[in-house]
Amino acid sequence: MINEAHTGFDSAALWRIQKRIETDIAAGHYDGANIIVARGGQIGLEASIGFADRQAGRVSSADDVFRIFSMTKAFTNVLVLQAIDRGQMDLTTRVVELIPEFAAGDRFRQGKKDRINVAHLLTHRAGLVVTPNPLPYAELGNLDNVIRAISELDVVGEPGGSFDYSPALNHALLGEMARRAAGAASFRELMSRELFEPLKMTNTALGAPRAWSERMVPVRASFPDGGWLSAHDVEVMEEIITEEAEMPWVGAVSTVGDIHRFAEMLRRGGELNGQRILSPAILDLATTNQTGTSPNSLYAGIATARGWEIPPGNFGLGFALSGTGTHASFFGSTTSPRTHGNYGAGSTLFWVDPELDLTFSCLTAGVMDEGDNVIRYQRLSTMAAAAAV
């Protein structure tokens, strides 16, 4: 659906976005997409395109529920920032102050674990080993066990040093720190009470509720093995992200409408429909570059493999930023430098451009190779920015 009456958009440009997605799906690059592009809170483009399950012939619907992978980190980030707003912790709070057992596994007595703090975790500069899985797949849904396993790992880098993207460890720790700081019975309960309920994100959960099984989009990878993640590493998440699983780094499920509500809360400075989730002050800090010109090690590797210029990591406190320059970027070439958002492996992206007053939310079926995913979203994001007039 294109809102022809929205004067802040070029409707022909919005149609081009939809047509681009339709063309890519027809070419087999991925299976389907649910997308919302809005400006000033008014939706210009809202569409369900292609298939939720191509193999079964199930077409896309606005009610489709996706496993959003690392976009889950955005929810965890907000709960941590909220805890800072509320005086429950600080950016300088060390992990060991809330999770004292974390230091117990420092086998080489390096003293580094004692120094890792909230800011290090949010900016992926904690120096922890870069592993997607601290435990076997079957055990990843138990957060208590994950924290115990992380506590046994050694620090391999200098806290506050290089920017090494952490798929799992940093946000497992952040989630548990937020839970303990708030005195919540579980991280799932905390996320629901402090985020999903006040924002009326009624189709979002940590873990995949059985009652939503018919609406869930299957996880299917559309890339060959041999990269940083294999097709199995992605597709196995369909088995792991169950109703009981608590995975603050990758375990949430949601719809495009709920992601749009979350993005709108950020666009409005931390508030939506009278419910304040974050202060403007903490959100302003969180969307400011905290990593300087340091590259993001994961995406530097992808850039090198593709023959691209290695970009700066452009990271705030948990949020990826657009930054400046002409490098490959999820956020496109023409969004403003402080455009901020989060993404999930080969499939999901949202962002907020504070200068254009624009929000972009897109969840897709069929997980792409991450390099192809960057190219795909770079184009769509640039096209969305071009539609704002």
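Biologist: How much space lies in the second largest pocket?

Modeller: Keep in mind that this is a predicted model. The lining of that pocket includes Arg-20, Asp-24, His-29 and Tyr-30, along with Met-368 and Asp-372. The space in the second largest pocket comes to about 160 Å³.

Biologist: Which helix gives the most to the lining of the second largest pocket?

Modeller: Two helices each supply at least two residues of this lining, H1 (11–26) and H13 (370–387). Among the lining residues are Asp-372, Ile-375, Arg-376, Arg-379 and Leu-380. With five residues, the helix that gives the most is H13.

Biologist: And by class, how many residues of that lining are charged?

Modeller: Names like Arg-20, Asp-24 and Arg-379 turn up in the lining. The split by class is four nonpolar and one polar, and the charged residues number five.

Biologist: H13 has a contact with H12, so to speak; at what angle do the axes of H12 and H13 cross?

Modeller: Their axes come within 10 Å of each other. Angles of 65 to 115 degrees count as roughly perpendicular, and H12 and H13 are therefore described that way. The crossing angle is roughly 90°.

Biologist: Which residues of H12 make that contact?

Modeller: On the H13 side you'll find Glu-370, Gly-371, Asp-372, Val-374 and Ile-375. The contact of H12 with H13 divides into four nonpolar, one polar and three charged residues. From H12, the residues are Tyr-299, Ile-302 and Arg-306.

Biologist: Where does the largest share of the lining of the largest cavity come from?

Modeller: The largest cavity holds about 260 Å³ of space and is lined by 21 residues, with Tyr-299, Pro-311, Ala-328, Ser-329 and Phe-330 nearest its centre. H12 (297–306) and E9 each supply at least two of the lining residues. The largest share, three residues, comes from H12.

Biologist: How many residues of the lining of the largest cavity are nonpolar?

Modeller: Pro-311, Ala-328 and Phe-330 are among those nearest the centre. Six lining residues are polar and one is charged, while the nonpolar ones number 14.

Biologist: How many bridges join E1 to E2?

Modeller: E1 covers residues 32–39 and E2 covers 42–53, and they run antiparallel. In the hairpin, which has two residues between the strands, Gly-40 takes a positive phi near 60°. The bridges joining E1 to E2 number eight.

Biologist: And in the hairpin of E2 and E3, which residue in the turn has a positive phi?

Modeller: E2 and E3 run antiparallel and are joined by two bridges, with Phe-51 partnered by Val-59 in E3. Their hairpin has four residues between the strands. The turn residue with a positive phi, about 75°, is Gly-57.

Biologist: Last one: how far apart are the axes of H6 and H7?

Modeller: H6 (residues 169–182) and H7 (residues 187–196) pack at about 75°, and are therefore roughly perpendicular to each other. Gly-175, Ala-178, Arg-179 and Ala-182 in H6 meet Phe-187, Leu-190 and Arg-193 in H7. That contact divides into four nonpolar, one polar and two charged residues. The distance between the axes is 9 Å.

How values were computed
Residues numbered from 1 in each chain as written. Predicted model: local features only at pLDDT ≥ 70, side-chain atom pairs only at ≥ 80, totals over all residues. Heavy atoms only, no water. Axes fitted to C-alpha atoms, helices over the stretch in contact; angles between N-to-C directions. Parallel < 35°, antiparallel > 145°, perpendicular 65-115°, else oblique. Contact = heavy atoms within 4.5 Å. Nonpolar A, V, L, I, M, F, W, Y, C, P; charged D, E, K, R; others polar. 1 Å grid on protein atoms, 1.4 Å probe; cavity = no way out; pocket = protein on both sides within 12 Å on 5 of 7 lines; lining within 4 Å. Points joined across faces, edges and corners; volume = space filled by probe spheres on them. Pairing = 2+ DSSP bridges.
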